[in-house]
Amino acid sequence: MSVLAAGARAAAHPRTPTAPCTCGSTPLADREDATVVRHAGTVAKAHAPDTDPAALTLRMATAARLPDVLLPPLTPAPAALHDRLVTFWPYGLPVDPDDPDAAPWEAAATLLARLHRTPVPTSLPPMRGPAKAARALGRLRAALRGTPHAAARPVLDAWATLPAWARAAAPMPGPPGLCHGDLHLGQLVRHPAPDGPWKLIDVDDLGAGVPAWDLARPAAWYACGLLPPDEWTRFLSAYRQAGGPAVPADGDPWAALDVPARALTVQTAALAVAKALAANRPLDEVEQAVVDACARMPSVTPQAPGPPRPAPGIPD
């Protein structure tokens, strides 16, 4: 963390200041897959140890080319810091988690629609959403070794009902769209802070894939009873109004959303059970809700996703 903070400070003040820097550095995240530090108007992110530098560079280039949708990086390529790749970004003001009524569902949906309507850049890697879901199941299985948990069985059974592509065991169906790969409200910031337009952040999972995956988390929350119907309607309506191609322009969207929403539900439940096992605690109410949703899945046949509907592309 201290070395990353020094890197953020150097990026924020590329020339030696005439007076000592008094800005201070603020940790924003410290997880196995990412450590993030802010210094003044610069954010430094240390990516997961197994991050592919070529793939990350391509993802950063895509963000740089779409500054009205994605927060553009401050540098064109990652830097090496010890055994981690580090990228530098301008600071943006995140969504306030303590003000759910101000959640920018319309802005998130509109940005997604614009992203999905953009032609996929040449050589961009696959979107990593299914791979992250598979990794969550791996984490659950590792946590279960020698420590059984009753909630794990419905999660594993629900995972087995998903098609191979949703489990990262086969290529995603096409034609591919440009996808964020890990959409949730924590992936939006206002830039310039504090009241600039909303931008999507975090390019680690950006790539070519099934656009409906980006709608799957709010769809899953709605299906599990965790997202109020009016908020889901706001999100879906805004996506359709912006020409989003992942779902039909009207009518029932679930033929496209069913499999991705199931996959995100299972991913969320797997992580919930793994964390509960690690902390030796019972599931909380929200965690139990997603496990209960998994228990209902094997009784209903998943719907096969249809292709994205045609939409006008945004020029490169």
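**Helix packing, cavities and backbone in a predicted model**

The protein has 9 helices and 10 strands, where helices (H or I, at least four residues) and strands (E, at least two) are DSSP runs numbered from the N terminus. This is a predicted model, in which local features need pLDDT of at least 70 and side-chain atom pairs count only at pLDDT 80 or more, whereas totals for chains, interfaces and linings use all residues. Residues are numbered from 1 along each chain as its sequence is written, and side-chain values use heavy atoms, with hydrogens and water left out.

Me: Which radius of gyration does the protein have, and why does it agree with a compact globule?
Reply: The radius is taken over C-alpha atoms, and the globule rule is 2.2 Å times the number of residues to the power 0.38. Because a compact globule of 316 residues would have a radius of gyration near 20 Å, the value for the protein agrees, being 20 Å.

Me: At what angle do the axes of α4 and α5 cross?
Reply: Axes are lines fitted to C-alpha atoms, for helices over the stretch in contact, with angles running from 0 to 180 degrees between N-to-C directions. The axes of α4 (residues 129-144) and α5 (residues 152-161) come within 12 Å, and they cross at roughly 145 degrees.

Me: How many residues of the contact of α4 with α5 are nonpolar, polar and charged?
Reply: The contact (heavy atoms within 4.5 Å) is made on the α4 side by Ala 133, Ala 134, Leu 137, Leu 140, Arg 141 and Leu 144, and on the α5 side by Ala 152, Val 155, Leu 156 and Trp 159. Ala, Val, Leu, Ile, Met, Phe, Trp, Tyr, Cys and Pro count as nonpolar, Asp, Glu, Lys and Arg as charged, and the others, Gly among them, as polar. The division is therefore 9 nonpolar, no polar and 1 charged.

Me: Which elements each supply at least two residues of the lining of the largest cavity?
Reply: On a 1 Å grid over the protein atoms alone, a cavity is a set of points where a 1.4 Å probe fits but cannot get out, a pocket is an open set with protein on both sides within 12 Å along at least five of seven lines, and lining residues have an atom within 4 Å of a point. Grid points are joined across faces, edges and corners, and a volume is the space filled by probe spheres set on the points. The largest cavity holds about 60 Å³ of space, and its lining includes Gly 129, Lys 132, Leu 264 and Gln 267. The elements are α4 and α8 (254-279).

Me: Which element gives the most to the lining of the second largest pocket?
Reply: This pocket has a volume of about 240 Å³, and of its 12 lining residues the closest to the centre are Ala 223, Asp 258, Arg 262, Ala 293 and Met 297. At least two lining residues each come from α6, α8 and α9 (285-296). With 5 residues, the element that gives the most is α8.

Me: Where does Pro 194 lie?
Reply: A cis peptide bond joins His 191 and Pro 192, with omega about -5 degrees, and another cis bond joins Ala 193 and Pro 194, with omega about 5 degrees. Pro 192 lies in the loop between β8 (188-190) and β9 (198-200). Pro 194 also lies in the loop between β8 and β9.
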